[in-house]
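Please read the numbered points with the model in view.

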Amino acid sequence: MASKSTLNAKNLEALGTERLAQLLIEISTGDAAAKRKLRLALAGAEGPREAAREITKRLTSIAKARTFVNWQNRKPLVKDLQTQRSAIMEQIAPHDPGEALALLWRFMGLATPVFERCDDSSGTVIDIFHQACADLGEVAKAADAAPEALARQVLDALQDNGFGQYDGLIAIIAPALGPDGVAHLKTLVEDLGRTPVTVPPKSEWQAVGWGSGGTRYAHEMEERARQSTVEMALKDIADVQGDVDGFIAQYDPKTRKVPKIAAEIAQRLLAAGRAGDALGFIERAEVDHARWIPPEWQDARLAVLEALDRKDEAQAFRWACFERDLSGEHLRAYLKRLSDFEDIDAEERAMAHAAAHPGLLTALAFFLNWPSLGHAARLLIDRQDEVDGDHYEFLAPAAETLAEKHPLAATVALRAMIDFTLTEGRSSRYGYAAQHLATCADLAGRIEDFGPVEPHPAYAARLKAEHGKKSGFWSRMDG
């Protein structure tokens, strides 16, 4: 049974309302955020109208604020925004969805002034606005908003999406718009597409930046933003309407050959039951097989081949993807479709191919993730001269993973980091290198046969001979 001094709701209730009120006043003294939360609770007790008035006041204050918010003092802003959004959804929306919708639009309008004065490198602030954007769909549906007016609000929002706060809005709001509202939104977007930004007299051109093409002017940037808004909106509308051809039309013939774009188109054609057309876009894509291939294109090609019942081609492509990139995902899918015993032979063939891969770290990553620690260990020992100790962010966890059952391979990884650190004189890493050398000494006691790897006493002696003057390192060992 919990003590009566345990901090929980039941024990606090026992204090009585008067004592609790006194404590809240004491706790909130000097804490602006706590005071705002209490005022909001009091307003909510009077009814949704008073709560809405309190929220409006706070949103206005946030919009007017000019103090820059860095990563160190971002937390109060995040908490404030979360409080206001939650209040809209919990105190207003259940009772007056129309008012809640108006408040949500107002809340979303804070994004631009907030981001102009806020460091959001962690992404916590944009996450709040994305959640509020998702709330718009739910509340607009409950409010039974007029489709044409809602469509106009959506277009206005998309034209003020400089920080991505309205990303995905069309799909979110489509159920509330309904077919007629979506059609009206499309008309509005098409009208915008036919209305280029007015070019002012040259004497009034306002320079806003510079790029490879020279000076960038405000009206040019506005025109690019307009075109981008129209193209993205028409693509999203096409998706909502299930209009694959409308989606394709937003890309010029050359862009349709970009592998990632071709994959997007193919996936939509597949969903529409047009696998043959999808294959055409996949095959016309300009894929540079000698370089990196987007995984989206690979996945789309496999999906198309399966849909066309070209299973042998799909299997051959899975194996090709594995051979090229050592993709464990494609290898697993390949093996899964083989009969018993065939998969065993194929896996052995795959392991041999991975062991011979020219990229040592790529092969090592494959074996560790498969997982096949035995192959990973053999790889490090057989190709120890190729191990680049500069990749400590990869080699350190690899050594830790291998240490228990494969101490010799772990030693190879650790020595590579030690050698790189000392040879390159990376004094900032001397402490880590010293730890690695101590670990090598511990592992040596569990290694019965060093085989092609230099025994630990000889390695330690050579290290002393070659780098004995690096006192910054050896002092760490002495400590």
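1. Helices α23 and α24 cross with a left-handed sense. The contact between these two helices involves L437, C440, A441 and A444 on the α23 side, and H456, Y459 and L463 on the α24 side. It should be kept in mind that the model is predicted.

2. The geometry of this pair may be stated as follows.

3. R415 is placed over the face of its ring, 4.2 Å from the ring centre. A further case is R284, which lies over the face of F281 at 4.8 Å from the ring centre.

4. The axes of helix α13 (residues 259-271) and helix α15 (residues 295-307) come within 8 Å and cross at roughly 30°. Because angles under 35 degrees count as roughly parallel, α13 is roughly parallel to α15. The crossing of α13 and α15 is left-handed. From α13, the contact draws on P259, K260, A263, A266, Q267 and L270; from α15, it draws on E296, W297, D299, A300, A303, V304 and A307.

5. How many aromatic pairs are counted? The count comes to 14 aromatic pairs. In one of them, the ring centres of W319 and F322 are 5.2 Å apart and the planes stand at 50°, so the pair is tilted. The angle falls between the limits of 30 degrees for stacked and 60 for edge-to-face.

6. Where do W319 and F322 lie? Both belong to helix α16 (residues 311-325), at positions three residues apart, or about one turn of the helix. W319 and F322 are both buried. Together with Y334, F366, F367 and W370, the residues W319 and F322 form one aromatic cluster.

7. The last point concerns P97, which is located in helix α6 (residues 97-108). With neighbours within four places in sequence set aside, P97 is in contact with I92, V139, A142 and A143. P97 and H467 are separated by 370 residues in sequence, and their C-alpha atoms are 73 Å apart in space.

Conventions:
Residues numbered from 1 in each chain as written. Predicted model: local features only at pLDDT ≥ 70, side-chain atom pairs only at ≥ 80, totals over all residues. Heavy atoms only, no water. Phe/Tyr/Trp six-rings, centres within 6.5 Å; stacked < 30°, edge-to-face > 60°. Helix = DSSP H or I, 4+ residues; strand = E, 2+ residues; numbered from the N terminus. Buried < 20%, exposed > 50% of the residue type's maximum accessible area, 1.4 Å probe, protein only. Lys NZ or Arg CZ within 6 Å of the ring centre and 35° of its normal. Axes fitted to C-alpha atoms, helices over the stretch in contact; angles between N-to-C directions. Parallel < 35°, antiparallel > 145°, perpendicular 65-115°, else oblique. Left-handed = near helix turned anticlockwise from the far one by under 90°. Contact = heavy atoms within 4.5 Å.
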